[in-house]
Amino acid sequence: MKRQVPFFVSFLFVSSVLGHVSYSINEEMSVASVIGRIAQDLGLDVEKLKSRKARVFFGDSREYIELNKDRGVLLIKERIDRETLCGRMIPCALQFQIILEKPIEFYRVHVEIVDINDNAPLFEKGDIKFKISESAVIGSKFDLERAVDLDVGINGLQNYILKPTDNFALKLHNQPDGSRNVEMVLKQPLDREKNEHLSLVLTAVDGGEPQLSGTMQIQITVLDANDNAPVFTKSVYNANVAENSPRGTVVTIVSASDADYGSNGRITYSIRNTLDDVRQLFEVNEHTGEVRLTGNIDYEKSNNYRINVRASDDGGLTDTCKVIVDVMDVNDNHPIINIMSETNVISEDIKSNTVVTIINIQDIDDSENGKVSCTINENIPFILQSTENNFYTLVTDSDLDRERASEYNITVICSDEGVPSLSSSVTLTLQISDVNDNAPVFERSSYEAYIVENNTPGLSIFTVKASDADWNQNARVSYILEDSSVNGVPVSSYVSVSADSGVIHAVRSFDYEQIKDFHFRVKAQDGGSPPLSSNVTVKIMIQDQNDNPPQVLYPVQTGGSLVAEMVPRSADVGYLVTKVVAVDVDSGQNAWLSYKLQKATDRALFEVGLQNGEIRTIRQVTDKDAVKQRLTVIVEDNGQPSRSATVIVNVAVADSFPEVLSEFTELTHDKEYNDNLTFYLVLALAVVSFLFITCLVVIISVKIYRWRQSRILYHSNLPVIPYYPPRYSDTLGTGTLPHVYNYEVCRTTDSRKSDCKFGRAGSQNVLIMDPSSTGTMQRIQSEKSILDEPDSPLEVRLFKF
């Protein structure tokens with residue numbers, strides 16, 4: 001085996017390199033014989049052949065050679081017979097490509113098949129017979145059958161040998177196509193009387209080592225004289241016939257004439273070719289000389305035929321002519337499209353102008369019928385680029401986006417330029433693999449959710465939802481609660497987020513009165529590598545629930561003393577006795593308060609403002625009205641269901657404090673004690689005893705200090721301040737009193753009874769009744785001692801009796 005390795009590299013297109021390697025091998029080599037070390041000759045590493053999926057591409061031709069990627073060598077896959085592969089074509093070679101992936105590259109390989117002398121010269125017939133007149137003149141020519149040797153060059157047919165040579169000599173004539181006509185020439189006259197039959201041997205020999213030969217027997221019958229041989233009108237006839245012409249088509253007509261008469265002038269035509277398959281494709285009418293088509297001719301197999309026609313008379317004389325038939329090409333072959341790359345999945349982040357695959361186009365027609373142009377379908381991010389030698393590359397024309405199109409069906413249409421044009425198409429399906437190039441996107445830019453206070457921990461509040469346009473793992477979204485704090489407390493102690501579903505759960509029970517709303521951020525993260533994420537703000541609004549009853553700020557309900565409001569007997573209709581002040585820490589309608597008089601000593605005397613809680617007289621106060629009046633006011637909110645609170649307001653109808661004192665000593669005994677009657681009876685006895693002692697002490701004290709106070713009390717005002725914040729205003733719109741009132745108490749030096757009149761706004765007169773008192777009034781001095789300033793008015797804040 002001899003090897004030639006000229007290596008040429010030329011840049012064909014982006015990411016593809018075209019090289020050329022040549023080898024020479026003998027035909028008939030055994031299977032698995034090494035042709036050449038292709039990896040070494042191409043300068044490639046053996047491991048690259050494996051990783052880049054190197055393979056041999058023969059197109060539509062038979063695969064005689066295979067690639068061993070483990071060794072990096074080319075091997076004989078099937079025994080190669082040069083004569084079967086190429087016939088008489090010189091040189092004979094196999095053309096194929098080595099294709100590599102990632103990036104796509106291909107190399108051309110040219111393997112020349114060298115002929116060996118494995119075929120002996122062969123005659124079509126083992127013998128041939130001639131009838132030669134004895135009158136044949138010296139120099140008469142007799143055309144002989146040629147031998148055929150399928151080998152070429154020096155191994156082909158080289159010479160003929162004729163034995164014996166007593167009467168005949170051998171003459172060879174070289175033809176323009178390289179063949180030689182063999183003629184037997186008469187050199188000695190024949191004598192039928194001496195030898196009626198002659199037997200000669202024609203031997204054909206080649207020039208191979210060892211030399212091979214073939215023989216043919218020539219049987220000659222000596223006849224009487226026939227002195228004129230047939231003569232053709234032309235030595236060469238030319239004819240044209242289109243391929244795929246129907247059988248029986250007349251190709252041409254040959255004609256010969258013979259000057260003899262009778263049987264010696266009767267001409268018979270025959271074809272004497274022994275080469276190729278002429279006799280299977282053509283026939284000649286032995287009487288008319290019409291050359292007709294008897295088989296199917298194909299321009300792609302052979303574009304011309306040479307037919308040797310012989311004219312023989314009955315006397316055995318012959319003449320020959322040559323018919324050259326040129327086959328005209330017809331556009332009868334569709335283009336053949338070969339996808340040379342096995343790649344059918346590409347990444348969406350592939351760069352523009354990247355080679356996706358290589359396409360080889362073959363059309364075995366000739367001239368315009370074999371010129372092919374290819375196109376692909378429009379509106380796809382790919383283009384088809386022509387390179388050379390009927391190779392095309394499919395390259396990306398723009399950026400790909402799997403989210404816009406995950407698959408492309410690319411139809412390649414190839415048409416030749418024949419008339420009519422023939423075309424073929426093939427569809428290449430390309431899958432676009434996903435790249436994590438899209439972050440999760442929430443359905444909203446922000447979320448607001450509502451939850452009613454006093455909820456159960458673990459309650460589902462809301463669901464956030466994010467979608468990812470990517471695929472598979474890259475589109476798998478997980479939800480994460482971002483670290484933050486609410487009022488200094490980690491937000492994770494308020495809510496939690498389900499990583500898979502995005503459901504937000506309450507971790508604790510919320511109280512609207514403590515926190516009305518809060519916000520936090522939720523992050524949506526996909527499963528790509530690296531992961532992409534986005535976040536969204538979620539605001540949780542706590543909705544109020546009517547879970548707080550109203551709270552009464554005034555009058556204050558104390559366990560140790562009783563509060564009484566004084567109403568003079570001269571009070572007119574609409575006189576403001578006092579105001580019930582209450583608040584509700586709930587919100588909205590749950591905090592809208594209404595006031596109702598539930599129970600009263602005299603319902604005809606007082607009324608309560610529904611919205612503002614003001615207690616006013618509804619008729620003129622008379623002397624007949626009891627001094628001691630007890631009102632039960634219920635305060636209700638507007639929630640569903642409604643909640644309420646009750647307050648007891650004690651009212652003293654009197655013009656002076658002594659009158660009040662005598663009546664209210666027994667006030668506390670009016671309480672109802674339903675739970676334990678015996679306990680309250682004992683308690684009442686103890687209280688009465690305590691009050692009696694206390695009253696004695698108070699009376700003695702009053703006697704002692706009366707003479708010192710008489711002058712002071714004569715002009716003093718005795719305001720009583722209510723037990724709620726000064727100037728309390730209703731900011732919730734519940735109708736509570738926006739200001740306060742004062743009462744003045746005037747006492748004379750010579751009277752034990754005091755006058756009580758309604759005074760300016762400033763504070764409220766309140767009598768604090770202590771059940772343990774003896775009935776004597778004690779004063780509490782606020783900032784300065786009255787004894788130190790006898791001329792100053794005495795402001796009484798609390799009175800105990």
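Aspartate 434 has a relative accessible area of 17% and is therefore buried, where buried means under 20% relative accessible area, exposed over 50%, and partly exposed in between (1.4 Å probe, protein chains only). The structure is a predicted model, in which local features need pLDDT of at least 70, side-chain atom pairs count only at pLDDT 80 or more, and totals for chains, interfaces and linings use all residues. Residues are numbered from 1 along each chain as its sequence is written, and side-chain values use heavy atoms, with hydrogens and water left out.

Side chains of opposite charge can pair when their charged atoms come close. A salt bridge is defined here as a side-chain nitrogen of Lys or Arg within 4 Å of a carboxyl oxygen of Asp or Glu, and the structure holds 22 of them. One of these salt bridges joins aspartate 434 to arginine 402, with the closest N and O atoms 3.0 Å apart. The two residues are 32 residues apart and link distant parts of the chain: aspartate 434 lies in the loop between β32 (423-433) and β33 (441-442), and arginine 402 in the loop between β30 (391-396) and β31 (407-416). Strands (E, at least two residues) and helices (H or I, at least four) are DSSP runs, numbered from the N terminus. Arginine 402 is also buried, at 11% relative accessibility.

In a further salt bridge, arginine 52 meets glutamate 105, and the closest N and O atoms are 2.9 Å apart. This pair spans 53 residues, from the loop between α2 (46-51) and β4 (55-57), which holds arginine 52, to strand β8 (residues 105-114), which holds glutamate 105. Arginine 52 is buried at 11% relative accessibility, and glutamate 105 is buried at 12%.

The side chains of glutamate 28 and arginine 79 form a salt bridge as well (3.9 Å, N to O). Glutamate 28 is in the loop between β2 (16-26) and β3, while arginine 79 is in the loop between β6 and α3 (82-86), 51 residues apart. Both are partly exposed, glutamate 28 at 25% relative accessibility and arginine 79 at 46%. Elsewhere, salt bridges link Glu47, Lys50 and Asp70 in a network.

Strands β3, β6 and β5 form, in that order, an open sheet with antiparallel pairing; two strands pair if DSSP finds at least two bridges between them. Because β3 (34-36) and β5 (65-68) are at the edges with a single partner strand each, one side of each has no neighbour in the sheet. Two bridges join β3 to the antiparallel strand β6 (residues 73-76), and glycine 36 stands opposite leucine 74 in β6.
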